[in-house]
Amino acid sequence: MVSVQKPNGKPRICIDPRPLNKALKQNHFPLPTIDDILPDMSKAKVFTVCDVKHAFWHVKLAAESSYLTTFATPFGRFRWLRMPMGISPAPEVFQRKLMQALEGLPGIHIIADDVLITGEGETMQSASLDHDNKLQQFLRRCRERNIKLNAEKLKLRKQEVPYIRHLLRAEGLKVDPEKVRAITVMPPPTDVKGVQRLVGMVNYLAKFYEHLSDDCEILRQLTHKESLWEWSEVQESAFKRLKDKITQVPVLKYYEPQNGRPVAYGSRALTQTERGYAQIEKECLAIVFGMEKFHQYTYGRPVNVQSDHKPLENIIKKPLWNAPKRLQRMLLRLQKYDLNVTYVPGRDMLLADTLSRAYLRDSYKGQRDLEVEVVNMVAFVPISADRQKAADPDQHHSERVGTK
């Protein structure tokens, strides 16, 4: 058991299910993507996004499955009565059950635990009436099927709403600016090596854009040995033009499994505390940042993570309790993802190499970064044995397993 204290002060009980996952068969169910629902958005003008609260806990476990989730605690052994986070088939199982529960409702689109309700009409008034009618049907169905929603994440009756890294608007679809911010605010290079990194990235992306490398010729001239360094309006204009093209179609695609083609860009600065991390901790933090920032792409799908830090290949496969405590915390956050880490030399990772040296100056402020995480809490807190024995663990979603 690993105890995580949430920002509201309540504990979250987590386990390391990787040994169990090796024995579980994958549950095959198609997880929808943004491209699956875009054809139905042509007439939508009003939007609401609802988040299913404690999504996996909506699924009850059969007794034989429940005993397989048994985990040890300082108070004895317990088992989950509802599906816990980290079980490999969990995303597909939950997606299927949620879609079955909401089947037949008009104007309802479901991706993972996010439910989108749309209102259509020739005018905004008629679209609002259509939306309200669909929303009422959806809420009645949730009450009938005992589906819990998260009030804190509700986006109600909006004309523009972020959904799966895109902005849905009454006028049409717009790419979420956050997807391309790492490129659009990237500062110009200040030396020849900086230009070489930029040219390397452009050459990689040129296979997706016919004339991209030609547009880079002005900057490429700065890398010649006989050229003097000069950054004037000509180079600045060429640099801005390249950034515009790198963030546009056909270079940047809607999400689907791609062979090397980017769907979004991301980078961030390390906090003062993170700068003191060991190198392997920084490399693991980079994976956590990427998986969580692009959660809608990485969740519920097998993900191949490429890292230029060879030791991560092995540490990611070790049992949770064998890793150092700081890495335990990061690996715990990665439990919900099905990822495989492979080593790729840094010289072959042109996009990552460029953005890691021209990163966004702000640090990532995700909700998960605000959590106070405690590993093996009881071992480090001075609590008497009598008080531990008198503790009453939460019985709602777990049941104690007797020992012989």
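**A first walk through the model**

Guide: Let's start at one spot: R79 lies over the face of Y67, 4.1 Å from the ring centre. A charge counts as over a ring if NZ of Lys or CZ of Arg is within 6 Å of the ring centre and within 35 degrees of the ring normal.

Visitor: Before more of that, what kind of model is this, and how are residues numbered?
Guide: It is a predicted model, where local features need pLDDT of at least 70, side-chain atom pairs count only at pLDDT 80 or more, and totals for chains, interfaces and linings use all residues. Residues are numbered from 1 along each chain as its sequence is written, and side-chain values use heavy atoms, with hydrogens and water left out.

Visitor: OK. How many helices and strands are in the protein?
Guide: The protein has 16 helices and 15 strands. Both are DSSP runs, numbered from the N terminus: helices are H or I with at least four residues, strands are E with at least two.

Visitor: And how much of the protein is buried?
Guide: Of the 404 residues, 45% are buried. Buried means under 20% relative accessible area, exposed means over 50%, and partly exposed is in between (1.4 Å probe, protein chains only).

Visitor: How far apart in sequence are the residues in contact?
Guide: Take the contacts with a separation of 6 or more: 72% of them come from residues 24 or more positions apart. Contact means heavy atoms within 4.5 Å.

Visitor: Is A101 buried or exposed?
Guide: A101 counts as buried because its relative accessible area is 12%.

Visitor: Now sheets. What is the order of the strands in the open sheet of four?
Guide: The order is β6-β7-β3-β8, with antiparallel pairing. Strands pair if DSSP finds at least two bridges between them.

Visitor: Which strands stand at the edges?
Guide: β6 (108–111) and β8 (155–158) do; each has a single partner strand, so one side of each has no neighbour in the sheet. From one strand to the next, the twist averages 15°.

Visitor: What holds paired strands together, in general?
Guide: Strands of a sheet pair through backbone hydrogen bonds, either parallel or antiparallel.

Visitor: How many bridges join β6 to β7?
Guide: Four bridges join them. I108, for one, has I117 in β7 as its bridge partner.

Visitor: Which way do the β6 side chains point?
Guide: I108 and I110 point one way, H109 and I111 the other way, and all are buried.

Visitor: What sits between β6 and β7?
Guide: They form a hairpin with two residues between them. A112 is in that turn, with a positive phi of about 55°. A112 is buried because its relative accessible area is 10%.

Visitor: Which helix lies across β3, β6, β7 and β8?
Guide: Helix α5 (residues 124–145) does, at about 140° to β7 (114–120). Axes here are lines fitted to C-alpha atoms, for helices over the stretch in contact, and angles run from 0 to 180 degrees between N-to-C directions.

Visitor: Switching topic: how many aromatic pairs are there?
Guide: Six, by this rule. Rings of Phe, Tyr and Trp (its six-membered ring) pair if their centres lie within 6.5 Å; planes under 30 degrees apart are stacked, over 60 edge-to-face, and the rest tilted.

Visitor: What do F71 and W80 form?
Guide: A tilted pair, 6.2 Å centre to centre with 35° between the planes. F71 is buried at 9% relative accessibility, and W80 is buried at 5%.

Visitor: Why is the W231 and F239 pair edge-to-face?
Guide: Because their planes are at 70°, with the ring centres 6.0 Å apart. W231 is partly exposed at 23%, while F239 is buried at 3%.

Visitor: Which residues do ring pairs link into a cluster?
Guide: W57, F71, F78 and W80.
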